[in-house]
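Trainee: I have the sequence and coordinates open and would like to go through them with you. Where shall we begin?

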Amino acid sequence: MDWRRFLSILALAIIVLLAIVIWFYPSSEDFRVENPFWNGAKAFAAHFDASPLRSLQDLPTNPEGTVLVVIPYTDFTEAELAGLESYVSGGGTLILADDYGYGNEVLDYLGLDARFVGEPLLDPLFNYKNGWFPRVTDFTPSSMTEDVESVILNHATSLETGSGFEVIAQTSKSSFLDLNGNLKWDEGEPTGPLPISAQASVGEGVVILLADPSIVLNSMRGLEDNERFTKNILEIGSPEPEILLDQSHLPEASLDEAKGRLRVARDALSSPLGIMGLVAAVLTVTLMPIWRRRKGGNNG
Amino acid sequence: MKRLLAILLIVILATLIFCVPVLANLPHVPHEDPATAESSIDARSLLWYYGDVLTLVSLGEYESAEALIQRLGHANISDEYKDVVDRYSDLACELLTTLDNLDEALGEASSLLEQYRIDEAAVRLGEARVLFDQVESILSDIEEEGIEELSSHLGVFDTPAGSLEREAYGSLHAVIDMVEELIDESQSLLESLSGESAAIEEKELQPTTITLQLSPAAAFVGETITAKGSLTSEEEPLPNRSITMLLDGEPVATATAGSSGSFEVQVSIPFEYVLTMTVEALYVPGDDDRDRYLASVSPSREIDVMFYRTELEIEAPDEAYPGLPVVVSGEIASEGGEAADGRNVKVLLRGGLLATLSVQEERFDVEVTPEPGISVGEHTLTVTVDPQGRYAGVSKGTPLNIVKILPEVDVHAPTFTLIPSTIHVSGRVSSALQLEAARVSVEMGGTSTEVETLEDGEFSAKLSMGLDLVFVGLEELVVKVEPVEPWHGPVEVKVRVFVINLTNVGLTVVAAAVLGVLLVTKRRGRTGKEEAPPLDAPLVVERRTEAAPVAKPAVKFEGIKGRLLEAYLRAAVVVEEATRVRMEPHMTLREFMREATPRMHSAFEAFARLTALAERALYSSHVPEAEEAAEAEKLTLEVEEVLKGGLA
């Protein structure tokens with residue numbers, strides 16, 4: 001066996017092996033519905049029967065009765081923002097859950113008078129374990145806060161809300177925004193109560209802001225009344241909504257990128273053109289020696 | 001081509017390998033695993049919080065202060081500090097309650113003194129003094145047991161002077177000073193009111209007496225009763241004085257004493273459906289009497305309040321559907337007779353008003369419709385009858401289970417199909433309830449289509465199955481029915497269809513056939529190819545022109561080694577012909593000999609020696625000598641003789 005053939009077979013074997021490993025190894029990236037670890041959203045997707053949305057181009061044409069959860073950790077294109085506006089105006093419920101991401105791009109585009117502050121929210125007294133996990137107990141009575149006594153956040157921020165927004169939940173008096181990052185309250189740093197959730201009507205739909213997307217994490221879902229609060233919010237527009245969890249604005253590690261490419265490759269191969277191309281490639285590889293021999297014979 | 005393929009594969013491999021590091025390497029994320037997060041308590045924030053509580057106390061905002069203390073139940077306080085924090089919280093709550101009572105006692109005492117009700121004021125001032133002592137004691141406990149002990153537990157005294165913890169501790173003491181100021185103010189007020197009381201007493205005002213009789217002693221709500229009495233001072237009537245009638249402590253009527261000091265007034269019994277009410281008559285000295293008489297209150301008289309209780313019985317179905325009306329029946333009864341005449345009835349579900357009606361008869365039926373968006377599950381249906389006149393109101397609840405009916409779906413789909421083709425799926429959706437234009441989606445192998453049911457519930461869908469990766473196998477055909485009516489739930493039916501993908505099967509057969517042809521051709525090519533012996537001896541290969549079956553290359557050997565090998569080759573040809581064992585290109589000399597041995601009979605020994613000589617000449621560094629070549633030729637002759645003789 002010459003070295004070229006050996007190298008080809010070895011490379012092919014490793015490619016197949018790696019592809020299998022990449023395909024089946026669970027994602028460990030934040031908020032991914034395939035991620036079963038503490039920072040994934042697999043349990044959320046399973047419990048609420050939420051479908052992953054790989055692209056905002058795939059938003060439902062009739063948004064009524066649907067809920068779209070967007071965790072904006074990457075920026076948006078103009079077309080995506082227009083799609084979100086159309087979705088909400090058409091009667092969809094948009095849950096924009098952000099802390100330090102690009103949520104303000106959406107709010108700006110929709111012309112809403114609210115912003116994610118983007119600074120760390122700490123509550124040194126009312127918390128779960130430590131100040132990075134503020135415990136929220138101050139809720140405006142509504143169907144969204146029914147049977148909800150406390151909600152735990154995880155490295156959250158707060159909201160600045162203006163006209164048109166109704167605050168759903170706010171932090172305790174002892175909470176503050178740690179502007180200088182020294183983990184202690186200093187003169188001039190905003191103190192609680194600080195809003196962490198609010199809602200506004202846009203067209204036929206509703207926009208709900210959450211200043212911490214962590215509430216959907218596998219490790220956060222079961223803490224205190226987080227699940228109940230999430231359920232109430234998801235069901236604000238319809239008792240049995242179709243839930244979509246946007247995966248297209250999450251940080252993508254190489255593993256997820258590779259998974260995505262494999263998925264694209266699989267989809268491409270599933271298409272008529274792909275199948276034809278695959279068959280053509282197989283035929284080319286198998287027929288090549290005959291062609292070469294004939295060519296050699298003709299020459300000889 | 002091979003080189004290109006190798007390079008391409010290596011490039012793909014390199015790309016994939018790039019993905020591997022992420023298995024162990026996560027980018028920074030703004031979250032933390034709560035299960036592994038470290039627990040910590042912030043002493044400073046707890047002291048600040050208590051400071052906030054006491055600040056509200058010092059401002060007299062007791063309710064807000066109490067709410068803050070109650071909220072401490074949600075604070076992150078470890079078991080180590082729980083006892084001391086609870087003790088502090090209890091003390092703070094006790095302080096709040098006592099201060100609130102003290103304020104109330106002082107306020108009432110002040111009001112009573114204003115009205116010259118000196119005896120009642122004296123009682124309240126006595127209560128206030130006791131409360132004041134309690135407040136001072138509690139505050140002392142808070143300072144000594146609360147702040148000091150708490151701060152000690154929290155390690156505040158271990159921190160350097162000027163630390164934030166010390167700052168919070170100092171600030172808490174400053175707030176305590178504010179609370180002490182509040183208590184001092186209360187003390188001043190107490191002393192002032194005591195002085196005022198003493199001043200009134202010094203005036204030696206004449207006491208007054210007021211009597212009260214009620215007629216009748218029992219009355220229905222809405223009726224009036226007559227209150228009679230007289231106002232005297234030292235047995236002398238006090239005419240033309242204003243008397244206030246109090247019903248449960250609230251002024252409801254005013255009378256003026258006549259020339260004999262007697263008075264009479266009608267008091268209306270309000271529509272409050274309670275069993276008894278208390279009536280009192282109050283005399284407060286007016287401007288002219290303030291320096292002559294003290295105030296007085298009559299003995300309390302109780303009046304039995306009468307009304308008719310309303311009985312309500314309701315009947316409702318156990319189950320209801322969202323958006324579909326149900327009938328709720330009820331029966332109103334009362335000992336008073338016409339209990340139902342014009343009564344206002346409300347029907348509520350989950351707190352939301354479903355219907356309001358005014359009933360004229362005891363028995364009523366009302367059709368109510370649960371909201372289309374109501375969640376499935378058990379709810380409480382409440383029927384309320386408002387109070388009316390002598391009839392008290394009543395409210396009664398009954399469980400109502402909200403359910404959705406699942407339509408029946410009959411699917412007709414082929415059990416076997418060839419693709420690419422169009423699959424025809426039909427069926428019927430039926431329900432015991434009204435059902436029209438349900439959305440039906442049909443999906444198989446990533447291809448889907450959507451249709452609506454006709455008036456009779458029939459549907460027909462065509463699924464164009466294109467090319468797919470599947471070859472042959474069972475595929476799941478999923479039919480989802482989503483009715484538009486809120487009382488229907490979605491239904492999903494799965495049918496298994498055996499699929500044969502003609503394209504893939506055909507292409508695979510073609511590819512296999514091509515591969516087969518290729519392999520056969522290659523094998524033949526190899527068989528027909530003249531293979532040069534692995535010789536290091538110089539040789540000249542003559543290409544044979546005649547076709548098979550003779551496939552051995554004709555070679556010419558030179559030198560002693562050539563002589564030896566030529567002898568072996570000659571013998572090998574004889575062995576092949578005699579034994580019909582072919583010396584294949586992949587065979588070693590020894591393998592050929594082993595294959596041919598059973599048929600060589602007595603030529604075996606000669607051919608074995610010849611094979612050994614040839615192997616030695618070919619594969620060892622030994623250079624054959626002329627004797628060996630001669631031996632080989634002799635051995636060849638022996639083989640020819642035996643085998644050719646045998647053949648002949």
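**Loops, rings and sheets**

Mentor: Let us begin with Asp147(A), which is exposed, with a relative accessible area of 56%. Please keep in mind throughout that this is a predicted model.

Trainee: What is phi of Asp147(A)?

Mentor: Phi of Asp147(A) is near 60 degrees, a positive value in a residue other than glycine. Asp147(A) belongs to the loop between S8 and strand S9 (151-152) of chain A.

Trainee: And Asp49(A), where is its place?

Mentor: Asp49(A) is in the loop between helix H2 (42-48) and strand S1 (51-53) of chain A. Its phi is positive, about 55 degrees, although Asp49(A) is not a glycine. With a relative accessible area of 63%, Asp49(A) is exposed.

Trainee: Changing topic: how many aromatic pairs are found over all chains?

Mentor: A search of the whole structure gives 13 aromatic pairs. One of them is formed by Tyr128(A) and Phe133(A), with ring centres 6.2 Å apart. Their planes stand at 75 degrees, so the pair is edge-to-face.

Trainee: Is Phe133(A) buried or exposed?

Mentor: Phe133(A) counts as buried, at 0% relative accessibility. Tyr128(A), by contrast, is partly exposed, with a relative accessible area of 22%. A further aromatic pair, Phe139(A) with Phe229(A), is tilted, with 5.9 Å from centre to centre and 50 degrees between the planes.

Trainee: Which elements hold Phe139(A) and Phe229(A)?

Mentor: Phe139(A) lies in strand S8 (residues 138-139) of chain A, and Phe229(A) in helix H6 (residues 226-234) of chain A. The pair therefore ties together parts that are 90 residues apart in sequence. Phe139(A) counts as buried at 14% relative accessibility, and Phe229(A) counts as buried at 1%.

Trainee: On to chain B. What does its secondary structure come to?

Mentor: Chain B has 11 helices and 29 strands. Of its 648 residues, 41% are buried. Chain B exposes about 34,600 Å², and carbon and sulfur atoms supply 51% of that area.

Trainee: What about contacts between residues at least 6 apart in sequence in chain B?

Mentor: Among those contacts, 64% join residues at least 24 apart.

Trainee: Which residues of chain B do ring pairs link into a cluster?

Mentor: The cluster consists of Phe220(B), Tyr308(B) and Tyr391(B). Arg390(B) lies over the face of Phe220(B), at 4.0 Å from the ring centre.

Trainee: Now the strands. How many of the eight residues of strand S9 of chain B are buried?

Mentor: Six of the eight residues of strand S9 (residues 276-283) of chain B are buried, so this strand is largely enclosed by the rest of the structure.

Trainee: Which strand pairs with S9(B) over five bridges?

Mentor: That is strand S6 (residues 242-247) of chain B, in the antiparallel sense. Here Leu247(B) stands opposite Val279(B) in S9(B). S9(B) also pairs with strand S11 (residues 301-306) of chain B, again antiparallel, over four bridges. In S11(B), Asp304(B) is the bridge partner of Thr276(B). Two bridges join S9(B) to strand S10 (residues 296-297) of chain B, and these two run antiparallel. Ser296(B) in S10(B) is the bridge partner of Tyr283(B).

Trainee: And the open sheet with five strands: what is their order?

Mentor: The order is S21-S27-S26-S23-S24 in chain B, and the pairing is mixed. Strand S21 (416-419) and strand S24 (447-452) of chain B stand at the edges, each with a single partner strand, so one side of each is left without a neighbour in the sheet. On average, neighbouring strands of this sheet are turned by 30 degrees against each other, direction ignored.

Trainee: How many bridges join S23 to S26 there?

Mentor: Six bridges join strand S23 (residues 439-444) of chain B to strand S26 (residues 472-482) of chain B, and the two run antiparallel. Ser441(B) has Lys480(B) in S26(B) as its bridge partner.

Trainee: One last item: what is the peptide bond from Ile419(B) to Pro420(B)?

Mentor: That bond is cis, with omega near 5 degrees. Pro420(B) is found in the loop between S21 and strand S22 (421-430) of chain B. A cis peptide bond also joins Ser215(B) and Pro216(B), with omega about -5 degrees. Pro216(B) lies in the loop between strand S2 (213-215) and strand S3 (218-220) of chain B.

How values were computed
Residues numbered from 1 in each chain as written. Chains lettered and ligands numbered in written order. Predicted model: local features only at pLDDT ≥ 70, side-chain atom pairs only at ≥ 80, totals over all residues. Heavy atoms only, no water. Phe/Tyr/Trp six-rings, centres within 6.5 Å; stacked < 30°, edge-to-face > 60°. Buried < 20%, exposed > 50% of the residue type's maximum accessible area, 1.4 Å probe, protein only. Lys NZ or Arg CZ within 6 Å of the ring centre and 35° of its normal. Pairing = 2+ DSSP bridges. Axes fitted to C-alpha atoms, helices over the stretch in contact; angles between N-to-C directions. Contact = heavy atoms within 4.5 Å. Areas by Shrake-Rupley, 256 points an atom, 1.4 Å probe, with all protein chains shown as cover.
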